[in-house]
Structure formats: C-alpha cells, structure tokens
Amino acid sequence: MRVLGVDPGGKRLGLALGDDVTGLATPLEIAPYGGRHHAARLIVVAMENHGAERVVIGLPTNADGEETPACARSRALAEA
C-alpha cells in the first residue's frame with residue numbers, strides 16, 4: 001500500500017510517498033503553504049497522481065510528547 005506523508009510547516013508543505021512493500025519513503029515535493037484548503041487540494045492531487053491509499057499528517061510534539069502550537073495546524077489540515 002502506498003501512503004502519502006505530509007509535513008505541514010508554517011511556510012511550506014512537504015510531501016513524501018511511502019510504500020509498505022519496500023519499506024521506503026521517497027520525497028515528492030515541497031510546496032508553498034497557502035492555507036489548509038490549498039494544502040488539502042495538493043494532498044488530494046498527490047494521492048491521485050501516485051496511487052496513495054492513506055495519508056499520514058505529521059504532528060509536531062515536544063520530546064516529552066506534549067503538543068506544540070504547530071499541532072493545531074496539523075489538526076486543522078486533517079479536518080480539511
């Protein structure tokens with residue numbers, strides 16, 4: 001199964017494609033972050049273009065597991 005990995009930063013959105021058969025992840029693109037709806041559209045297009053069946057959105061926690069302010073951006077993107 002192919003999985004699209006998403007790293008939502010404040011200024012850029014990173015996308016990578018993982019494959020559970022090979023165990024490898026390959027970077028796809030780094031795009032300007034134009035808001036959650038724009039990012040959601042980029043994710044849908046990337047899924048369609050690369051045959052991804054699932055999406056994993058990074059949740060940037062502290063070393064102790066506590067959520068950071070950036071976690072809100074990840075959660076908002078997941079909702080979009």
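A: Of the 80 residues in the chain, 25% are buried, where buried means under 20% relative accessible area, exposed over 50% and partly exposed in between, with a 1.4 Å probe and protein chains only. The model is predicted, so local features need pLDDT of at least 70 and side-chain atom pairs count only at pLDDT 80 or more, while totals for chains, interfaces and linings use all residues. Residues are numbered from 1 along each chain as its sequence is written, and side-chain values use heavy atoms, with hydrogens and water left out.

The chain has two helices and four strands, in the order β-β-β-α-β-α along the sequence. Helices (H or I, at least four residues) and strands (E, at least two) are DSSP runs, numbered from the N terminus. The radius of gyration is 13 Å, close to the 12 Å of the globule rule for 80 residues, so the chain is as compact as a globular protein of that length. That radius is taken over C-alpha atoms, and the rule is 2.2 Å times the number of residues to the power 0.38.

The part examined here is α1, residues 36–50. Its 15 residues should span 21 Å at 1.5 Å a residue, and the end C-alpha atoms are 21 Å apart, which agrees; the expected span is 1.5 Å times one less than the number of residues. Just after α1, G51 has a positive phi of about 70°.

The buried residues of α1 are A39, A40, I43, A46 and M47. An α-helix has 3.6 residues a turn, so residues three or four places apart point the same way. The face of α1 turned away from the buried side carries the exposed residues H37, R41, E48 and N49.

Cover for the buried residues of α1 includes β1 (2–8), β2 (12–19), β4 (54–57) and α2 (71–79). M47 gives one example: apart from its neighbours within four places in sequence, M47 is in contact with L4, A52, E53, R54 and V55, contact meaning heavy atoms within 4.5 Å.

The largest nonpolar core has 12 residues: L4, V6, L13, L15, L17, A39, A40, I43, A46, M47, A52 and L77. Here a nonpolar core is a set of buried Ala, Val, Leu, Ile, Met, Phe, Trp, Tyr and Cys residues joined through side-chain atoms within 4.5 Å. β1, β2 and α1 each supply at least two residues of this core, and α1 gives the most, with five residues. In soluble globular proteins, nonpolar side chains tend to be buried together.

The other helix can be described in the same terms. In α2, C71, S74, A76 and L77 are buried, and what covers the buried residues of α2 includes β1, β2, α1 and β4. S74 lies in α2 and counts as buried at 4% relative accessibility. Leaving out neighbours within four places in sequence, S74 is in contact with P8, I57, G58, L59 and P60.
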